[in-house]
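Colleague: I am new to reading models like this one. Could you walk me through it with a few questions and answers?

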Amino acid sequence: MKAVKQLRTFAIALTAVCGLALVGSHLATAGDGYSLPKLEQSIAKRFPTVDSLTLQQFQVAHQGKQDVIVLDVRETGEFNVSRLARSERVDPGISKLEFLKRFAGNARGKTLVLYCYVGYRSSKLAARIPQSLKQAGAQGVYNLQGGIFAWHNDAKPLVKAGKTPTRLVHPYSDKWGRYLTNRDLTSYGKSSGWRIFN
């Protein structure tokens with residue numbers, strides 16, 4: 001717990017020192033008016049009990065450490081297009097009991113960071129599980145603010161199956177894809193009638 005508090009204090013201090021230098025391109029508003037920061041604020045209001053990490057805080061926590069478990073709360077087809085390195089997929093509709101069966105045993109002393117597209121599904125899951133995981137010895141449960149869209153908008157590395165680097169991200173739909181600043185780097189994948197989105 002002390003390590004997590006130190007991490008958050010460090011990240012806040014780093015953000016204050018660096019100011020706008022740390023503000024990634026994910027803060028930009030798409031040309032058609034879709035604003036990921038506004039959406040992030042709306043999600044934070046919807047899930048007030050869920051703690052979130054900014055991209056910078058997450059990178060400090062995740063960099064070369066084994067005490068962070070990263071969970072991708074999206075569907076298989078979305079996960080197959082791209083994901084954050086060292087992340088494991090979790091079905092968005094997983095029950096609390098099934099989640100605890102899968103992760104409680106490995107959670108002791110670790111911090112869990114959940115992400116999805118923009119943070120809605122990951123926040124929804126994070127809101128259901130923190131107390132049970134803390135009882136299992138987890139250091140904390142966090143949502144990645146802005147999700148994989150913020151990560152992609154900030155041009156941070158993604159991987160696909162086999163840990164192969166990729167620059168593509170699944171946009172979920174044309175509507176949700178409007179929160180991406182570079183929509184030329186999106187793909188619906190190649191299975192079951194999915195199409196490339198440009």
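This is a predicted model: local features need pLDDT of at least 70, side-chain atom pairs count only at pLDDT 80 or more; totals for chains, interfaces and linings use all residues.

Modeller: Gladly! Residues are numbered from 1 along each chain as its sequence is written, and side-chain values use heavy atoms, with hydrogens and water left out.

Colleague: Which helix has the highest mean pLDDT among the elements of the chain?

Modeller: pLDDT is the predictor's confidence in each residue, from 0 to 100. The chain averages 83, and 79% of the residues score at least 70. Helices (H or I, at least four residues) and strands (E, at least two) are DSSP runs, numbered from the N terminus. The lowest mean, 41, belongs to α1 (residues 2-18), while the highest, 98, belongs to α8.

Colleague: And over residues 9-28, how many contacts does the model have beyond near neighbours in sequence?

Modeller: A contact means heavy atoms within 4.5 Å. The pLDDT over residues 9-28 is below 50, and the number of such contacts for this stretch is 20.

Colleague: How many helices and strands does the chain have, please?

Modeller: Both kinds of element are DSSP runs, as above. The secondary structure comes to 9 helices and 7 strands.

Colleague: How far apart are the end C-alpha atoms of α5?

Modeller: The expected span of a helix is 1.5 Å times one less than its number of residues. For α5 (residues 96-107), with 12 residues, a straight helix would reach 16 Å. The end C-alpha atoms of α5 fall short of that, at only 14 Å.

Colleague: Why do the buried residues of α5 line one face of the helix?

Modeller: Buried means under 20% relative accessible area, exposed over 50%, and partly exposed in between (1.4 Å probe, protein chains only). The buried residues of α5 are F99, F103, A104 and A107. Seen down the axis of α5, with directions taken from the axis to the C-beta atoms, they line one face because they fall within an arc of 120°.

Colleague: Which residues are exposed on the other side of α5?

Modeller: The buried residues have cover that includes β2 (68-72), β3 (87-89), β4 (111-115), α6 (120-128) and α7 (130-135). On the other side, the exposed residues are L97, K101 and G105.

Colleague: Is R74 buried or exposed?

Modeller: R74 sits in the loop between β2 and α4 (76-81). Beyond four places in sequence, its contacts include F79, Y115 and I148. A polar atom of its side chain lies 3.5 Å from the backbone oxygen of E78. With a relative accessible area of 0%, R74 is buried.

Colleague: What is the relative accessibility of A155?

Modeller: A155 lies in the loop between α8 and β6 (158-160). Its phi is near 60°, a positive value in a residue other than glycine. A155 counts as exposed, because its relative accessibility is 69%.

Colleague: And what is the relative accessibility of Y172?

Modeller: Y172 is in the loop between β7 (164-166) and α9 (174-177). Although Y172 is not a glycine, its phi is positive, about 70°. Y172 counts as partly exposed, because its relative accessibility is 41%.

Conventions: A polar contact is a pair of N or O atoms within 3.5 Å; within protein, one must be able to donate a hydrogen and the other to accept it, and residues adjacent in sequence count only if both atoms are side-chain atoms.
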